[in-house]
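We will take a short tour, one selection after another.

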Amino acid sequence: MPFRFIEHCLSEAFTSMRRHWLMSMAATVSAAISVAIFGLLVLIVLYIRSAVIHESEKVNHMRVYLHNSVTEQQARELQRRIQRWVLVKSVRFVHKDEGLKEMEAAMGDNISLRNLAGGNPLPHRLDVVAVNFEDAVECAKRLERLPGVESVICMADVVRQLSRIFGLVRLCGLTLVIITALATLTLIANAIRLTIYARREAIRIMQLVGATIWFIRAPLLLEGLVYGLIGGAFASLMVYGAHTSLLRLVETNKILLTLFHVAVPNWHFFASLTVVGLIFGLLGSLSAVNQLVRYLS
Amino acid sequence: MIQLHNVTVKFKGGIVALRDASFTVNKGEFVFIVGPTGSGKSTVLKLINRELLPTSGKVIVNGINVATLRPSQVPFLRRSIGFVFQDFLLLQDKTVWENVAFALKVIGAMRSEIRDAVCSALQLVGLIEKWDAYPRQLSGGEQQKVCIARAIVNNPLILLADEPTGNLDPDSSLEIASLLERVNQRGTTVVVATHDKYIVDFLKKRVIELRNGTVVRDEPEGVYRGALSLH
Ligand SMILES: Nc1ncnc2c1ncn2[C@@H]1O[C@H](COP(=O)(O)OP(=O)(O)O)[C@@H](O)[C@H]1O
Ligand SMILES: [Mg+2]
């Protein structure tokens, strides 16, 4: 019984798909697109989240860039002054040569900033750590008002901005996912409806000779599952391709590379995308088949 | 085998298709249900097949009140009932053999079982030589014979036919009538809904006449026009 049942489902489903192959293609491609967009969204969310986590470890850190004219001695005086603030946990003086080395290390060996600018273009810098995250922004404002301070980069601000982008991307992505998912469900359901219409006489005969509802329903569900499976698998490949080519693109940039490395998706991620495709296929065909079942009973 | 007890069927919109109808069909009987179009003949067959449930009254088939069947049990009732239509309902992309075998395949029958059953069904209707023809290559009478083969291939207890000769010429109609009689002689209970005077008068079986959903005549070895119809 199970073998004959499976044979029946396969032959019915594939005959139908061959008959309206254009509709089948549309359903599959649509499934691929919506799952791919879903996958890319998850990937981007992973990237940004890893970036936020990466940076929020240093969320109470501030970089205080001094004027070019400020000497090392003046800078050290400023360091001692800031050190006495209640809000401040620690202040480190970073000589402009040290700053240059850091930057060169981050950007790769092939660029020498010193040669590029004909000398060290960087000013001296003070790395300030606030006692806690809440005070960091207030602290940064006060630092900006000090004489000799050119600019202050506050990680709390960076994190806040990243979070805002994060939310925006998530919102746009979710909207896009919902729209394409609805289109996919409609296309899959329509393909199944087409099968039901083309097979209406066979379905009527099955109903009259006493075929169980599963004999009627299963080949239709299988058809939807096939669309979802193939679409989902293609989407996995697309997202995987996007991810690897992005990695290749940022290979030369060490800051970006650390960012993306935190979010390297494993095979579970891509298997899950295929499952998402399967779920789309199941939902699409269920909606069409339920209409039929309501009509039959 | 089949019992209707005071059955009334009302459709939405207030149409009463059957009004307080009662009759019993015994095992092995051959019954014509006659009456003009719209008198409720098809409704009776659909009640037996549980495509319709009575608005009131009871329909009992094989000793079971069909209203008590759960939806999942309905297919098993239908496996004991063959059904033949006026407009054949054959699958055009399947051969004669495949059309008959389809009825067994979709209820999960085994392949060897299918081979033997299809063979004897086609032999009974006299179409074994045309087993690999397609429906469009057959005459109307032959197509209806394929339908009868499909309806009896599972050895049903009951055969229901709704206007089986409605699309056929008189000669073919008589052939189909004789074939239905032969099926009946093998022990199958046969119920034929028809307004084909010709075959009713030819076979002289029990006749149940409906008028506007009411049973107005029920006589053994009857003819199409009963005493009541003369008025
Ligand atoms: N699904 C339905 N909905 C509403 N009215 C129906 C339906 N089926 C049949 N009828 C009505 O019920 C009456 C009996 O129909 P039917 O049993 O098909 O008659 P017959 O087969 O004798 O021609 C007719 O008046 C018909 O219009
Ligand atoms: Mg009718």
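**First stop: the interface**

Start where the two chains meet: across the interface of chain B and chain A there are five residue pairs in polar contact, with both partners at pLDDT 80 or more. Keep in mind as you look that this is a predicted model.

Now select the elements of chain B that face chain A. Pick α2 (74-78), β6 (81-84) and α3 (96-105); each of them supplies at least two residues of the side of chain B that touches chain A. Colour that side by residue class and you will find 14 nonpolar, two polar and seven charged residues.

Next, look for charged pairs. How many salt bridges does the rule find across the interface of chain B and chain A? There are three. To see a salt bridge up close, select D93(B) and R19(A), whose closest N and O atoms are 2.5 Å apart.

Zoom out to take in the whole contact. Chain B contributes 23 residues and chain A contributes 19 residues. Between chain B and chain A, the buried area is about 1,800 Å², and carbon and sulfur atoms give 59% of that area.

**Last stop: chain A**

Of the 297 residues in chain A, 45% are buried. Switch to a surface view: chain A exposes about 16,100 Å², with carbon and sulfur atoms supplying 65% of it.

Methods:
Residues numbered from 1 in each chain as written. Chains lettered and ligands numbered in written order. Predicted model: local features only at pLDDT ≥ 70, side-chain atom pairs only at ≥ 80, totals over all residues. Heavy atoms only, no water. Contact = heavy atoms within 4.5 Å. Buried area = accessible area lost by both parts, 1.4 Å probe. Salt bridge = Lys/Arg side-chain N within 4 Å of Asp/Glu carboxyl O. Polar contact = N/O pair within 3.5 Å; in protein donor to acceptor, adjacent residues only side chain to side chain. Helix = DSSP H or I, 4+ residues; strand = E, 2+ residues; numbered from the N terminus. Nonpolar A, V, L, I, M, F, W, Y, C, P; charged D, E, K, R; others polar. Buried < 20%, exposed > 50% of the residue type's maximum accessible area, 1.4 Å probe, protein only. Areas by Shrake-Rupley, 256 points an atom, 1.4 Å probe, with all protein chains shown as cover.
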